Amino acid sequence: MTDLFRFGISVEKELIEEFDACIRKKNYANRSEAFRDLIRQELIREEWAEGDEVVGAIILLYNHHRKDLLSKITTIQHDHQNLIISTQHIHLDRDDCLEIVAVRGEPVKVQWLADRLKALKGVKHGTLAMSSTGHALGDSP
Ligand code: NI
């Protein structure tokens, strides 16, 4: 089990009241849990800014009838298969597809790949969910 380290912090009353309201809305069990998530989030941001290897998911929503779009998406993925762990394609309805591309690699390259896919004409929405291999989060290797 992970060792827990306790520490106290001082913040303005208004700030902690806003924070408590915010974490209630997000259903955190307590401040500690919310604060742990904030720390992890910051460490992931750091890892994405400065790390050698990150993981994440590119999520794309697009209309597959759009001329040449499917072949462009496929070509880009083939060109960057060293960054792609797996791709899941879901046929949402007669027109729209949801594609989830799990990625791993240098942050700059992963971001570049996500930007290229998101920028394709016909992609209705694209987003990059940034995560971590966990090493920066204090998890055991
Ligand atoms: Ni489809």
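This briefing describes a predicted protein model, topic by topic.

The model is predicted, and local features are therefore reported where pLDDT is at least 70, side-chain atom pairs count only at pLDDT 80 or more, and totals for chains, interfaces and linings use all residues. Residues are numbered from 1 along each chain as its sequence is written, and side-chain values use heavy atoms, with hydrogens and water left out. The domain assignment gives domain 1 (13–50) and domain 2 (54–132), with bounds that come from an automatic or database domain assignment.

**Domains and distances**

- The centres of domain 1 and domain 2, taken over C-alpha atoms, are separated by 29 Å.
- Serine 32, which is found in helix H2 (residues 31–50), is 69 residues from valine 101 in sequence and 33 Å from valine 101 in space, C-alpha to C-alpha; helices here are DSSP runs of H or I with at least four residues, strands are runs of E with at least two, and both are numbered from the N terminus.
- Serine 32 counts as partly exposed because its relative accessibility is 42%, and glutamate 53 counts as partly exposed at 35%; buried means under 20% relative accessible area, exposed means over 50%, and partly exposed is in between, with a 1.4 Å probe and protein chains only.

**The nickel site**

- The protein donors of the nickel ion are His89 through NE2, His91 through ND1 and Cys97 through SG, at 2.1 to 2.4 Å from the ion.
- Donors are N, O and S atoms within 2.8 Å of the metal (3.2 Å for Na, K and Ca), and water is not among the atoms, so sites may look incomplete.
- Along the sequence, the donor residues of the nickel ion follow the spacing H-x1-H-x5-C.
- Histidine 89 has 31% relative accessibility and so counts as partly exposed, whereas cysteine 97, at 2%, counts as buried.

**Helix H3**

- Helix H3 (residues 69–79) has Leu69, Ile73, Ile76 and Gln77 as buried residues.
- Seen down the axis of H3, these buried residues fall within an arc of 100°, so they line one face of the helix; the arc is that of the directions from the helix axis to the C-beta atoms.
- On the other side of H3, His78 and Asp79 are exposed.

**The nonpolar surface patch**

- Phe5, Phe7, Ile9, Val11 and Leu15 make a nonpolar surface patch of about 560 Å².
- Patches are made of residues with over 30% relative accessible area and no salt bridge, where like charges are joined within 9 Å and nonpolar side chains (Val, Leu, Ile, Met, Phe, Trp, Tyr) within 5 Å; accessible areas come from the Shrake-Rupley method with a 1.4 Å probe, and for residues only the protein chains shown count as cover.
- Phenylalanine 5 is placed in the segment before helix H1 (13–25) and counts as exposed because its relative accessibility is 71%.

**Salt bridges**

- A search of the whole structure finds 10 salt bridges, each being a side-chain nitrogen of Lys or Arg within 4 Å of a carboxyl oxygen of Asp or Glu.
- Glutamate 17 and lysine 13 meet in one of them, at 2.7 Å from N to O, and both lie in helix H1, 4 residues apart, which is about one turn of the helix.
- Within that pair, glutamate 17 is partly exposed with a relative accessible area of 42%, while lysine 13 counts as exposed at 56%.
- Arginine 45 forms a salt bridge with glutamate 42, where the closest N and O atoms are 3.1 Å apart, and both residues lie in helix H2, 3 residues apart.
- Glutamate 106 and lysine 109 also meet in a salt bridge, at 3.3 Å from N to O, with glutamate 106 partly exposed at 41% relative accessibility and lysine 109 partly exposed at 41%.

**Positive phi angles**

- Most residues other than glycine have a negative phi.
- Asparagine 27, in the loop between H1 and H2, has a positive phi near 65° and counts as exposed at 67% relative accessibility.
- Aspartate 68, in the loop between E1 and H3, has a positive phi of about 65° although it is not a glycine, and counts as partly exposed at 42% relative accessibility.
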